[in-house]
Amino acid sequence: MREITIGQYIPGNSIIHRLDPRTKIIITLVYMILLFVLDNFKGYLFPVGFILLASVLSGISLRYMIKGLRPLIFIIALTFILNIFMIKGRILYEIGPFDITYEGLYQGSFMAIRLVLLIVGTSLLTLTTSPIALTDGIERLLSPAKRIGVPAHELAMMMTIALRFIPTLLEETDKIMKAQMARGADFESGNMIRRAKNLVPLLVPLFISAFRRADDLAMAMEARCYRGGENRTRMKELRMSKIDFVTYIVFIIIVLGGIASRFIW
Amino acid sequence: MSIVVKNLTHVYMPGTPFESVALKDVNWEIADGEFWGLIGHTGSGKSTLIQHLNGLLKPTSGEIIVNGVNLHSKGVNIKSIRQKVGLVFQYPEHQLFEETVEKDVAFGPRNMNLPEDQVEKRVREALELVGLNYEEVKDKSPFELSGGQMRRVAIAGVLAMNPEVLILDEPTAGLDPRGRDEILDEIVTLRKRRRITVILVSHSMEDIAKLVDKIAVMHRGKMIKSGTPREIFGDYKGLTAMGLGIPQITELMLRLREKGKNVAGDILTVEEARDEILKAIRRKGSA
């Protein structure tokens, strides 16, 4: 349960940690688009280099980030296998009615790498940005849309609260699971239906406590006169600094390099 | 039932930036039928320690031996250990989930695959042990009960498995004085009736002093000392330095001593204090 690293923040004071959250959000978005624009292995040298650079600068070990892939290994493997068998082309090997083709192998490993880069890149954002900074950044990025009626502040607040309660709920899950295991509950064996049924003693208390927490939180917010984003000032104003501009320049070079690779190779 | 903890060390999330050592080389021997109190400030490792005693957590290193059986050697049926070592978590009412009180208390026995008539007998016994009327509450939803009653139903849920060791993690937290006294009284009766081993985790030095035979003190993941309440509460300075205290009445008597009154310093309960003060007054009168 505690093994989930996606979405977890690791406090630090590296250059990457100190970047303006808006910078990190924008770069992550463009990075994701870039991954889908690039269409060959050589082009991926650019994002791979970018991730390596960023992870070295952030002081977060690559091993830790790769650990975060573990829960998604199934999806990556499935993508890989489906691609291998579904794409027609030069046949390398036959297993019964299925053919492994050269093109399939190429496409399969390409897709797998794309997914890995996608996950590692986005988790780098959450690993180095505190949830508060992240939602602050989103709020600011969305604020131009306020004029057309997008409730930017409320959306950001909802996200902050949701993120803030993930660890709490995980802890709660862990506790209830243990309490039921102490009464002989079994969450690990049996077939699918049996297992789903066995989750009831976990889910009912979890829902009850989530509602109780939500209720308490709403009360506490009201007690402090919270009433949305109108006229609220903030303690920490976001401000772009020199490192942000340098980062943008480095990133633009990488994006241009990547796009150029489409035409050159 | 005896439990021996040998050189137990537990590290949470090893190999990650969140690595933290919760227990360091803990040694503890619990003999059959003893009543232990476990004290220590928040985060001292009490909860981690008790979760090892029924195999919910696996030691990073060290051993837990229950009745001569090492919990983590091959072929040990951990489910049967969990049935013998009952663990009541903090705020146990948060684990209630069934539609009726009866079904909830029966959850443990049913997981043990007991025949239905046995299950019913155990539920009835367990509910009565915690001072609830079986006929009255069995068909109620656990969520329409009062806080104190919910907690008792949850404790009954563990008792229904007939554990030989009962571990309670702050069973009285958040209860009013009357609810607290009732729960503690029930623990005492239970111990007398079933002759089980009990481990009570508590922040209330009064409760600990009143009830237990022996105390173990946890501090920063280590078991600093263990001994009888008189031995432990004799060290006022050591305990306060650890963020703990001594029972108020013990403190009162120590202060009286400091003022030069001729009373004993190792008083644990109000009754003892009364007798001691009366004795001192009589001594003075006859002198």
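Student: In which strand of chain B is B:Ile64 found?

Tutor: Happy to start there. This is a predicted model, and in it B:Ile64 sits in strand 4 of chain B, residues 61–66.

Student: Is B:Ile64 buried or exposed?

Tutor: Buried means under 20% relative accessible area. B:Ile64 counts as buried because its relative accessibility is 0%.

Student: Which residues is B:Ile64 in contact with, leaving aside neighbours within four places in sequence?

Tutor: Its partners are B:Ile3, B:Val4, B:Leu8, B:His52, B:Leu53, B:Pro59, B:Val69, B:Asn70 and B:Leu71.

Student: Let's turn to the cores. Which residues touch the most other members of the largest nonpolar core?

Tutor: Those are B:Val105, B:Leu127, B:Phe233 and B:Leu239, in a core of 49 residues. Helix 6 of chain B (residues 147–159) supplies the largest share, 7 residues. Another core, of 39 residues, lies apart from it, and B:Leu71 is among its members.

Student: Now the helices. How do helix 6 and helix 7 of chain B pack?

Tutor: Two packed helices are described by the angle between their axes and the distance between the axes. Here, helix 6 and helix 7 (residues 177–194) of chain B pack at about 20°, with axes 12 Å apart. Angles under 35 degrees count as roughly parallel, so helix 6 of chain B is roughly parallel to helix 7 of chain B. The crossing is right-handed.

Student: Which residues make the contact?

Tutor: Helix 6 of chain B contributes B:Arg151, B:Arg152, B:Ile155 and B:Leu159, while helix 7 of chain B brings B:Glu182, B:Ile183, B:Glu186, B:Leu190 and B:Arg194. By type, they divide into 4 nonpolar, no polar and 5 charged.

Terms used:
Residues numbered from 1 in each chain as written. Chains lettered and ligands numbered in written order. Predicted model: local features only at pLDDT ≥ 70, side-chain atom pairs only at ≥ 80, totals over all residues. Heavy atoms only, no water. Helix = DSSP H or I, 4+ residues; strand = E, 2+ residues; numbered from the N terminus. Buried < 20%, exposed > 50% of the residue type's maximum accessible area, 1.4 Å probe, protein only. Contact = heavy atoms within 4.5 Å. Core = buried A, V, L, I, M, F, W, Y, C linked by side-chain atoms within 4.5 Å. Axes fitted to C-alpha atoms, helices over the stretch in contact; angles between N-to-C directions. Parallel < 35°, antiparallel > 145°, perpendicular 65-115°, else oblique. Left-handed = near helix turned anticlockwise from the far one by under 90°. Nonpolar A, V, L, I, M, F, W, Y, C, P; charged D, E, K, R; others polar.
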